[in-house]
Amino acid sequence: MRFEQLIRKVEQAENAIEANERAAGADLRQLKASWKDLWTPGRIVLGGLGAGLLVGLADANRMASTGTGALRLMSMLASLSGLVAGTSAQSAAEEAGQAAEAVSTGAAPDPAVAGLGAAFRDNERLARAADAARAAGAEP
């Protein structure tokens with residue numbers, strides 16, 4: 001009888017292990033499904049930006065510690081400043097063109113460039129006064 005009780009205990013333990021394995025498999029499937037649902041496109045982009053920031057900071061620290069890295073960093077900053085300056089100059093030229101067009105047509109200018117239109121009119125008036133002074137032989 002003692003031997004039969006041991007056999008029943010072993011069978012109970014095997015059944016418990018199998019039940020735990022099934023539960024662990026179900027939990028793993030649920031985790032996989034939740035993990036896949038968690039990664040939306042926006043979160044993927046934010047994760048990529050965060051990883052890029054960390055890699056960039058690590059690379060900047062490595063470049064700062066070596067002498068040649070500083071030259072690369074300075075050339076990168078110089079090219080970025082040229083890019084920013086070119087973009088701002090282009091937007092300023094577009095705004096000035098819109099203001100000039102609004103002044104020449106007499107139409108109501110876009111509120112964003114209304115101040116530029118007034119400055120353009122003032123510059124145009126000053127240029128005419130300077131031309132008239134030159135024609136009269138006097139300095140403006």
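Helices (DSSP runs of H or I with at least four residues) and strands (runs of E with at least two) are numbered from the N terminus.

View 1. The model is a predicted one, in which local features need pLDDT of at least 70 and side-chain atom pairs count only at pLDDT 80 or more, while totals for chains, interfaces and linings use all residues. Residues are numbered from 1 along each chain as its sequence is written, and side-chain values use heavy atoms, with hydrogens and water left out. Of the 140 residues in the chain, 6% are buried, where buried means under 20% relative accessible area, exposed over 50%, and partly exposed in between (1.4 Å probe, protein chains only). The accessible surface (Shrake-Rupley method, 1.4 Å probe) comes to about 11,400 Å², and 64% of this belongs to carbon and sulfur atoms.

**View 2. The aromatic pair.** The structure holds one aromatic pair. The ring centres of tryptophan 35 and tryptophan 39 are 5.7 Å apart and their planes stand at 70 degrees, so the pair is edge-to-face (centres within 6.5 Å; planes under 30 degrees apart are stacked, over 60 edge-to-face, the rest tilted). Tryptophan 35 counts as exposed at 52% relative accessibility, whereas tryptophan 39, at 39%, is partly exposed.

**View 3. A patch of negative charge.** On the surface, Glu11, Glu14, Glu18 and Glu21 gather in a patch of negative charge; patch residues have over 30% relative accessible area and no salt bridge, with like charges joined within 9 Å and nonpolar side chains within 5 Å. A salt bridge is a side-chain nitrogen of Lys or Arg within 4 Å of a carboxyl oxygen of Asp or Glu. Glutamate 21 lies in helix H1 (residues 2-38) and is exposed, with a relative accessible area of 54%.

**View 4. A nonpolar surface patch.** Met74, Met76, Leu77, Leu80 and Leu83 make a nonpolar surface patch of about 500 Å². Leucine 83 belongs to helix H3 (residues 67-105), and its relative accessible area of 54% makes leucine 83 exposed.

Methods: Rings of Phe, Tyr and Trp (its six-membered ring) pair if their centres lie within 6.5 Å; planes under 30 degrees apart count as stacked, over 60 as edge-to-face and the rest as tilted. Lys and Arg count as positive and Asp and Glu as negative; His and the chain ends are not counted. The place of a charge is taken as NZ of Lys, CZ of Arg, CG of Asp or CD of Glu.
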